[in-house]
Amino acid sequence: MTGLRYVYAVCRPLGAPLQAELTGIGGAPPALLHHHGLVAVVSTVPDHDFAEESLRSRLEDLDWLSATARAHQGVIDALTTVTTPVPLRLATVFRDDSGVRSMIESREDDFRRILDRLEGRVEWGVKVYVESEPQEAKAPAPAAARPASGRDYLRRRRESTHAHEDRWRTAQSFAETLHERLTRRAEDARLHPPQSSALSGAPGRNVLNAAYLVRRADSEEFVELVDRTKGEVPGVRVELTGPWAAYSFSGEER
């Protein structure tokens, strides 16, 4: 079987070894390719999956794509525990090690600049959702009486719409205030488009989808600040994820 060189990330030489049992795409262990004082974290992948024509078809296979993304992220997560990586896009492949070295040389200045900026820092993700109804209203409500008239029906519809709009405005105001507070505790922040619940599977409507670049030394304080806001506003849910490699601040996409 012939293969291609898959690149997960670029970093500086590691101060500690990667986990001995770590595997990447297709179960292959990642290797370290040193060049010009930088390190590309690579593994060999089959060209029948990752060659250009094959990959275009494979990316439409959601099961394959999900498994590949998990394996890619697993290597990035392991790297993040021992160094500061610049994670590359999913399915970044080259014909051989020479191609990887050429890529490092062409982007060497950018890699060094990004690594200098990200050194000792991680990314935290914060999402705010407005629930379809406040948490305390989960108990079944008594059955409403049948509207006495069309006017009564329209009045109830207006009241329901106003209540929904009030929850939405409250959630937006809370999200804006929270983002301002977290931005002051972070070195940088990125606002991403709200996620669709149909795609993410998360309940509620996403009103804040943000990433924050935080020094490792300040991460505990940052997490505590987020945790204190959970449950602060009925009907609003706050989710924290991380720490991640700083995808949102590296110029690369997941």
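This is a predicted model: local features need pLDDT of at least 70, side-chain atom pairs count only at pLDDT 80 or more; totals for chains, interfaces and linings use all residues.
User: Okay, and where does Ala91 sit?

Analyst: Look in the loop between strand 4 (86-87) and strand 5 (93-94). Strands (E, at least two residues) and helices (H or I, at least four) are DSSP runs, numbered from the N terminus. Ala91 also has a positive phi of about 65°, although it is not a glycine.

User: Which value does phi take at His36?

Analyst: Phi of His36 is near 55°, again positive in a residue other than glycine. You'll find His36 in the loop between strand 2 (31-35) and strand 3 (38-46). His36 is partly exposed, at 41% relative accessible area.

User: How do I read strand pairing? Which strands does strand 1 pair with?

Analyst: The general idea: strands of a sheet pair through backbone hydrogen bonds, either parallel or antiparallel. Two strands count as paired if DSSP finds at least two bridges between them. Strand 1 runs antiparallel to strand 3, with eight bridges, and Ala9 stands opposite Val41 there. Strand 1 also pairs with strand 5 in the antiparallel sense over two bridges, where Tyr6 faces Val93. As for cover, eight of the nine residues in strand 1 (residues 3-11) are buried.

User: What is the strand order in the open sheet of four strands?

Analyst: The order is 7-8-6-9, with antiparallel pairing. Strand 7 (188-191) and strand 9 are the edge strands, since each pairs on one side only. Within this sheet, strand 6 (residues 121-130) pairs with strand 9 over seven bridges, and Lys127 has Glu239 as its bridge partner in strand 9.

User: Where is the cis peptide bond?

Analyst: Find Gly242 and Pro243: a cis peptide bond joins them, with omega about 0°. Pro243 belongs to strand 9 (residues 236-244).

User: What about Ser250: which residues is it in contact with, leaving aside its neighbours within four places in sequence?

Analyst: Contact means heavy atoms within 4.5 Å. Ser250 touches Val86, Pro87, Ile114 and Leu118 in that sense. Ser250 lies in the segment after strand 9 and is buried, with a relative accessible area of 3%. The Ser250 side chain also reaches the backbone oxygen of Tyr247 at 3.1 Å.

User: Last one! Which residues of helix 8 are buried?

Analyst: In helix 8 (residues 219-229), they are Ser219, Phe222, Val223, Leu225, Val226 and Thr229. Seen down the axis of helix 8, these buried residues fall within an arc of 155°, so they line one face of the helix. That arc is taken from the directions from the helix axis to the C-beta atoms. On the other side of helix 8, Glu220 and Arg228 are exposed. Just after helix 8, Gly231 takes a positive phi of about 80°.

Definitions and conventions:
Residues are numbered from 1 along each chain as its sequence is written. Side-chain values use heavy atoms; hydrogens and water are left out. Buried means under 20% relative accessible area, exposed over 50%, partly exposed in between (1.4 Å probe, protein chains only). A polar contact is a pair of N or O atoms within 3.5 Å; within protein, one must be able to donate a hydrogen and the other to accept it, and residues adjacent in sequence count only if both atoms are side-chain atoms.
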